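Please keep the sequence and the model in view while reading.

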Amino acid sequence: MARGACVVAAALLLILLLILAGGQGGGVHCLRSRAVSGATVLELRHHSSGSSSSSGGPSRGKSRGGGGEAGGLLASDAARVSSLQRRVASYGPRIRPSSSAAAAFAAAESKLTQVPVTSGAKLRTLNYVATVGIGGGEATVIVDTASELTWVQCAPCDSCHDQQDPLFDPASSPSYAALPCNSSSCDALQLATGTSGSGQTCGGADDQPPSSCSYTLSYRDGSYSRGVLAHDRLSLAGEDIEGFVFGCGTSNQGPFGGTSGLMGLGRSQLSLISQTMDQFGGVFSYCLPLKESGTSGSLVLGDDSSVYRNSTPIVYTTMVTDPTQGPFYFLNMTGITVGGEDVEPSAFSPAAKAIIDSGTIITSLVPSVYSAVRAEFLSQLAEYPQAPAFSILDTCFNLTGLSVVQVPSLKLVFDGGVEVEVDSKGVLYVVSGDDASQVCLALAPLKSEYDTSIIGNYQQKNLRVIFDTLGSQIGFAQETCDYV
Ligand SMILES: *[C@@H]1O[C@H](CO)[C@@H](O)[C@H](O)[C@H]1NC(C)=O
Ligand SMILES: *[C@@H]1O[C@H](CO)[C@@H](O)[C@H](O)[C@H]1NC(C)=O
Ligand SMILES: *[C@@H]1O[C@H](CO)[C@@H](O)[C@H](O)[C@H]1NC(C)=O
């Protein structure tokens, strides 16, 4: 609206180098940026470089006219968002509040471990992955803050997707044991998933040993992991966690790419965070790298800000806790600014609960907020020709042939006046690595006003995001996530 106000807005400093994979020309287009009055100026340049193939856009292959692999990955993201909405709605008071357990650990001495987190692009997923040790083998798993149970594919597999690492074979791990259905972990699993050990009766006859604890996790439409609950040694960057409870999945299907499974970093009892409460004190943080940078970010377990490389002070917003919230991390969103302009703050009247999630890609907003944000983007980008929608992204521009593009900055505002500026590379999604003919606003609308907005990983790049489950707060700081 009052774009004149931009003139008085303080200039932000943003350096943007968005690398587009070179086409047959062998060159790399770079979108360089500088910030002017709440906007980022992209300068489209053409560099010649030999390193284009591994530093492509979000899709591994070339995208063909709006479909292709990236489109499929974004469609599965939409399915995940719907599935999360159903899960949010389904969580009742089944989940035990974990505050008393947490208090018991509060005094424990905390350790710290740091695990590299990388883009899963090479494993055909737009999610982030980390490699952990389990029972002596290695597993590269998706880092997921909306999941409770960690699971890996297990031999012998009834139905497994192709994975990069060798399949985990329980028979080759002396420290492995399946958990019986009368174990407390099996009870916790039933609470978490609302299932009762696949409906099996536990125990049976007196002289029979109790059967093992089966699990079924359903994540997205048609996507699942099934197997038995087990425990084994988990190694996180040299730090061993004995008796770590996880799912040994013998039947798994979904958009897990070439990963071995999933790391559950949610709030509930069986998550990695809850299980390592005495080692790491219930605090973890991550810094997600730009996919195109090819570098590693970091997942830090434990509370020691000295290992962060944040360039701005950490600001904390209150985690919205509620025993009915399931494994999700909620915070209160109070506003969004686009290019320095407040977007219809009344939509947040006064705050809207949102989930912050490492496993969702594109941030999804309730329809009224999305349309206000979209309208503001359209008005600030009015000079650029529009392009067709791409998958779940409905606001696209054709930037072919332009040498300079002004991209408005995007700021998310949370309770307590906490402002989080989205990295300039988290604002737009470049569909094709070959040119700039379809560059889309990297946000999507939810179906219903009653849905819960989800802040996805595309908008969390180059930030240190700190989850302090005991202090019940979520922290943010700018950080360049290029650790290796
Ligand atoms: C589970 O059942 C077995 C055999 O019935 C029994 O020996 C064991 O103590 C039970 N474990 C728990 C945690 O109840
Ligand atoms: C979040 O917002 C709701 C609705 O405005 C409010 O009732 C609640 O107290 C807020 N929670 C926190 C932790 O700020
Ligand atoms: C994008 O714009 C360029 C230059 O104006 C034009 O040649 C091209 O056909 C457009 N591409 C699409 C997909 O609309």
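Strand 20 and strand 21 (residues 396–397) run antiparallel and are joined by two bridges; strands pair if DSSP finds at least two bridges between them. Strands are DSSP runs (E, at least two residues), numbered from the N terminus. This is a predicted model: local features need pLDDT of at least 70, side-chain atom pairs count only at pLDDT 80 or more, and totals for chains, interfaces and linings use all residues. Residues are numbered from 1 along each chain as its sequence is written, while chains are lettered from A and ligands numbered from 1 in the order in which they are written.

**The sheet**
- C396 of strand 21 is the bridge partner of A387.
- The open sheet has four strands in the order 20-21-26-25, with antiparallel pairing.
- Strand 20 (386–387) and strand 25 (428–430) stand at the edges with a single partner strand each, so one side of each has no neighbour in the sheet.

**Ligand surroundings**
- A387, N398, T400, G401 and S437 surround ligand 3 (C-beta atom, placed from the backbone, within 6 Å).
- That shell around ligand 3 has one nonpolar, four polar and no charged residues (nonpolar: Ala, Val, Leu, Ile, Met, Phe, Trp, Tyr, Cys and Pro; charged: Asp, Glu, Lys and Arg; polar: the others, Gly among them).
- Around ligand 2 are T318, V320, N332, P350, A351 and D415, of which three are nonpolar, two polar and one charged.

**Confidence**
- The average pLDDT of the chain (the predictor's confidence in each residue, from 0 to 100) is 79, and 77% of the residues score at least 70.
- Over residues 92–108 the pLDDT is below 50.

How values were computed:
Two residues are in contact if their C-beta atoms, placed from the backbone, lie within 7 Å.
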